[in-house]
Amino acid sequence: MLLEKILQSQGFGSRKYCQQLIKNGAVSIDNQTCDHPKQNFSTEDLSFQVFGERYQYREHIYIVLHKPQGYECSHQATHHRSVFSLLPEIFIHRGVQCVGRLDQDTTGLLLLTDDGQYLQALTHPKKHVPKVYCVSTADPVTTEQKQQLELGVELRNEKGIYAATDIKLISERQLAMTIHQGVYHQVKRMIAAVGNKVERLHRQQIGLLELPNLEEGHWDYLTPQQKQLSQNIPLETE
């Protein structure tokens with residue numbers, strides 16, 4: 001692939017801007033300055049430097065972010081900051097999108113990618129990828145409320161019954177629950193439907209992938225194994 005195309009594909013800007021970076025001597029490979037935009041390189045295991053900072057070529061990027069409160073999952077945030085402000089600018093140029101959304105006051109596991117097929121695989125309603133939430137409620141969770149959530153509730157302006165599985169009472173005002181759909185404000189609406197209210201909401205797991213040990217506001221690349229787990233595909237064991 002042409003060097004200028006490599007830089008453009010990795011989010012460094014327009015073709016013209018990438019050409020200028022190369023001509024200005026800002027790009028190096030194997031500690032050798034590359035000043036010819038039309039030079040060809042294999043992208044397999046390719047690493048390169050721009051202004052001395054090292055990058056690895058990635059055809060697609062898969063990001064896990066520990067989302068804090070007060071951030072919207074939108075490029076054009078209206079009332080709060082955007083989660084995209086927590087990411088390097090080159091990711092934005094690559095067209096990275098959130099894999100589903102979390103409300104501004106919800107924390108926890110958020111995936112982002114520029115791979116449309118991966119995004120579709122996790123968000124399409126027919127896939128039913130499970131998601132685990134930790135919920136803090138305003139009032140103690142009763143046995144009746146837990147049973148209602150397990151049997152399923154109706155949500156206004158939605159068709160069908162919405163049930164939670166694997167409900168675990170952590171304390172009288174805290175529970176973990178798994179949902180298999182992804183309608184707007186689903187957990188909050190389900191809790192409201194049984195007569196309680198969500199005070200805090202945290203997503204801990206998507207598919208088989210649990211939130212890694214990341215501080216709030218920090219991100220990391222998904223490993224191939226983590227990507228597989230996020231799609232609810234178990235890892236092979238010998």
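Analyst: A salt bridge joins the side chains of Asp-103 and Lys-188, with N and O 3.1 Å apart; the term denotes a side-chain nitrogen of Lys or Arg within 4 Å of a carboxyl oxygen of Asp or Glu. In general, side chains of opposite charge can pair when their charged atoms come close. The model is a predicted one, in which local features need pLDDT of at least 70 and side-chain atom pairs count only at pLDDT 80 or more, whereas totals for chains, interfaces and linings use all residues. Residues are numbered from 1 along each chain as its sequence is written, and side-chain values use heavy atoms, with hydrogens and water left out.

The domain assignment, which is automatic or taken from a database, divides the protein into domain 1 (1-54), domain 2 (60-123 + 210-229) and domain 3 (129-204). Between the C-alpha centres of domain 2 and domain 3 the distance is 23 Å. In contact across this boundary (heavy atoms within 4.5 Å) are 16 residues of domain 2 and nine residues of domain 3. Together the two domains bury about 1000 Å², 36% of it from carbon and sulfur atoms; buried area is the accessible area (1.4 Å probe) that two parts lose on being put together, summed over both.

The rule finds two salt bridges across the interface of domain 2 and domain 3. Eight residue pairs, both members at pLDDT 80 or more, are in polar contact there. A polar contact requires a pair of N or O atoms within 3.5 Å; within protein, one must be able to donate a hydrogen and the other to accept it, and residues adjacent in sequence count only if both atoms are side-chain atoms. On the side of domain 2 that touches domain 3, strand 9 (106-113) and helix 4 (116-123) are the elements giving two or more residues. Helices (H or I, at least four residues) and strands (E, at least two) are DSSP runs, numbered from the N terminus. Strand 9 supplies the largest share of that side, five residues. By class, the side comprises seven nonpolar, five polar and four charged residues; Ala, Val, Leu, Ile, Met, Phe, Trp, Tyr, Cys and Pro count as nonpolar, Asp, Glu, Lys and Arg as charged, and the others, Gly among them, as polar.

Arg-189 belongs to helix 6 (residues 186-193). Leaving aside residues up to four places away in sequence, Arg-189 touches Leu-155, Arg-156, Glu-158, Val-183 and Tyr-184. The C-alpha atoms of Arg-189 and Leu-155 are 6.9 Å apart, although 34 residues separate them along the chain.
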